[in-house]
Amino acid sequence: MIAAAPDKLQALRSHLEGIEIITDPAQVAKLSLDFYHYSPVLSRQLSDKRGDVVVRPADEAEVIRVAAACAKLRIPVTVRGAGTGNYGQCIPLAGGVILDMGKLNQVIWAKPGLARVQAGAKLMAIDKHTREMGWEIRMAPSTYRTATIGGFIAGGSGGIGSVTYGQLRDRGNILGLRVVTLEEEPRVLELRGDEVFKVSHAWGLNGIITEVEIPLAPAYPWAELVVAFPPAGGFMPCAHFGQALGDADGIIKKMISLHAWPIPSYFAPLRGYLPEGSAVALLMAAECSVEPLLELIREHGGQVVYHKTAQEAAKGISLGEFSWNHTTLHCRSVDPSLTYLQSAFPADRELKLVQHMYEYFGDEVLMHLEFIRINGQATPVGLQIVRFTTEERLNEIMRYHEAQGVFIANPHTFIIEDGGRKVMDPRQIRFKEEVDPYGLLNPGKMRTWQERASA
Ligand SMILES: Cc1cc2nc3c(=O)[nH]c(=O)nc-3n(C[C@H](O)[C@H](O)[C@H](O)COP(=O)(O)OP(=O)(O)OC[C@H]3O[C@@H](n4cnc5c(N)ncnc54)[C@H](O)[C@@H]3O)c2cc1C
């Protein structure tokens, strides 16, 4: 899709002299897409969408020049971190500039408990830096090795570590954001406190984040364990164990990732460890907590089938890369027709709705839960694997969950309101009016904005 006329692109080039611009069609096509293809619905809708050019600023001054030129020339701008989002978040619907933030990748400063970094820094690279002084990022998506901090804050929700620290949307998990506006004379704004929520999880619709200030967590040596449960019991003993571990305040943990059979059969690199038919819990726990953890596992009838010390775990593939949406990745690499849901169960220590959904859908919706902390309580969220048949059936499955009281963050839409948030935060709309008066940032993703523009 070519949106910008050739003369506009020529004018853009002259404004951006000295800044890296990619025009090679194959490269532009590659950098226009993300992991939208996990959804059969988005696959159909988005595969042909392309930007016109990719621009790679090296610092904030260059970001400002790009923003000014695009505002003057009325060229759409879609910001891109590493392009690991799943909902076409950074796929341009109206062509224009793909603003690749990858070169803004510096840790600006770090001190105990706190770091300030450029938005294009990769999560793993930030950790490498802060771990030298015994601290690490509080939470990270399972795409930790490739995703950027700016993309995580603008597009993600939480992940490994959320069992202790909650989600990005919880007050205290993002301390400050520096944002460039999309105006003829761009401004640079520093948002602090609750102001950060004007821009966080707004899919790059509300300004270009150039810097991020985040709190850090103590970097424990994290042991990795897989616990299997006897096949005869099905999934629920594993689920109850997960809840008990989530509730065990004295055990320091970073990940509780639960999988009903046959999901473990898709984890090719772990296959030798995982008993046929067993539900499994993939865990990360502080080494100092392994002893009490083993007691809890015994109490719940689990069997440790894989155990790596932090040192051993650092060498090979991490269990984190089987959790969250990496589970979907492994399943789809064996069977590309599989897709997934994103859901949150209500806090309930008896897990009645989990059991109901597990039994009700049987082999059509395979149970995959991650425990996170919501309002202080260990709560399961689901990234269930779905055996896709039709779009109608997929919608029916999601509606059934909602009707029973399970929250669905629909991962099969590129409209921000139809995903997790349902209605747009009015603060974000007001902020967009201020910082993107021409509606050039990631156009076509916010229904409220489109409706206002056409009213
Ligand atoms: C295998 C797999 C596993 C995943 N696991 C998780 C998980 O555990 N938890 C989770 O939350 N997500 C997960 N995701 C989704 C995705 O990885 C995360 O959202 C990730 O944080 C995105 O980072 P990114 O740098 O790739 O961002 P991108 O995909 O490049 O961008 C995401 C959104 O942020 C915007 N954006 C990027 N940079 C900026 C910026 N500097 N300023 C303004 N807007 C910006 C983009 O326009 C886009 O709307 C997973 C995805 C995959 C494919």
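This is a predicted model: local features need pLDDT of at least 70, side-chain atom pairs count only at pLDDT 80 or more; totals for chains, interfaces and linings use all residues.
Colleague: Why is Ala310 called buried?

Modeller: Its relative accessible area is 18%. Buried means under 20%. Therefore Ala310 counts as buried.

Colleague: Where does Ala310 lie?

Modeller: In helix α10, which covers residues 310-315.

Colleague: What makes Pro221 a contact of Ala310?

Modeller: Contact means heavy atoms within 4.5 Å. Ala310 touches Pro221, Trp222, Ala223 and Glu287, leaving aside residues up to four places away in sequence.

Colleague: How far apart are Ala310 and Leu283?

Modeller: They are 27 residues apart in sequence. In space the C-alpha to C-alpha distance is 12 Å.

Colleague: What makes a space a cavity?

Modeller: A 1.4 Å probe fits there but cannot get out.

Colleague: Which residues line the largest cavity?

Modeller: Ile137, Arg138, Met139, Ile149, Phe152, Leu168, Asn173, Ile214 and Pro215. Elements α6 (149-155) and β10 (208-218) each give two or more residues to this lining.

Colleague: How does the lining of the largest cavity divide?

Modeller: Into seven nonpolar, one polar and one charged. Arg counts as charged, and Arg138 is in the lining.

Colleague: And how does the lining of the second largest cavity divide?

Modeller: Into five nonpolar, four polar and two charged. Among its residues are Lys432, Gly439, Lys445 and Trp449. Gly counts as polar and Lys as charged.

Definitions and conventions. Residues are numbered from 1 along each chain as its sequence is written. Side-chain values use heavy atoms; hydrogens and water are left out. Helices (H or I, at least four residues) and strands (E, at least two) are DSSP runs, numbered from the N terminus. Buried means under 20% relative accessible area, exposed over 50%, partly exposed in between (1.4 Å probe, protein chains only). On a 1 Å grid over the protein atoms alone, a cavity is a set of points where a 1.4 Å probe fits but cannot get out, and a pocket is an open set with protein on both sides within 12 Å along at least five of seven lines; lining residues have an atom within 4 Å of a point.
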